[in-house]
Amino acid sequence: MHRCACQVVLCLTLAAVALAAQEPPASSEAQGFLARDSDQGVTIAARPIPDTPEAEKIFGKNAAPTRGGFLPVELLILNERDEPIALSLERAEVNSDDERFEQADPEAVALALHPLPESVQPKGGTGPRLPVPWPQGPKVPKDKKRAEREEAEAALRSRQLRATRIAAQGRARGFLYFDLRGASIDLRQAVVYIPEVEGVTSGEGLLFFEISLKPYAQP
């Protein structure tokens, strides 16, 4: 009987080890990010995607934000506290030197990638014109990029990080899109700034998070 009990315990132990090997702890997930910041049981890791070929692999050629002048940044938020945390991601921004780059909604990114058609003003002629019963306004051409724009917005929104609360021992992962306003960004000086993270139960306000993107700068 004792031998059978030992065998059962051994089998259960091996099964637990195998399960642990298949499901590594969440904190190890952050090791795949070169840039991260931790404070009071919360870790936020960041990975910028400044190159268009890499962005196309993630979002598709139709929805690569870099083509429209936007920097996609993947964030991983790990909550190892024993209470949920609340955060305001809409106030997250990328800072570089004296520049502040705010977030853009996927709709705005898709619109930059696939702009609306411009109105076409009627051409003026030199000959006599017959009177018309109503004034002629600008002609609006057909929106030929509508399908592409909607497809791009859907792809961007499906990968967007929209968490406002993360459960105890929970995680959230996704992308935010920052409008570079036509400027180039030096990742050696850039940081992702995330304010207003607090414990839901205790009401404890955590320090703001600043994740330096320098590890992703080109040598």
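Two strands pair if DSSP finds at least two bridges between them, a strand being a DSSP run (E) of at least two residues, numbered from the N terminus. The model is predicted: local features need pLDDT of at least 70, side-chain atom pairs count only at pLDDT 80 or more, and totals for chains, interfaces and linings use all residues. Residues are numbered from 1 along each chain as its sequence is written, and side-chain values use heavy atoms, without hydrogens and water.

**Exercise 1.** Describe the pairing of strand 5 with strand 6 and with strand 9.

*Solution.* Four bridges join strand 5 to strand 6 (residues 99-102) in the antiparallel sense; Asn 95 has Arg 100 as its bridge partner. These strands form a hairpin with two residues between them, and Asp 97 in the turn has a positive phi of about 55°. Strand 5 also pairs antiparallel with strand 9 over four bridges, where Val 94 stands opposite Val 192.

**Exercise 2.** Find which residues Ile 194 is in contact with (heavy atoms within 4.5 Å), leaving aside neighbours within four places in sequence.

*Solution.* The partners are Ile 44, Leu 75, Leu 89, Ala 92, Phe 208, Phe 209 and Ile 211.
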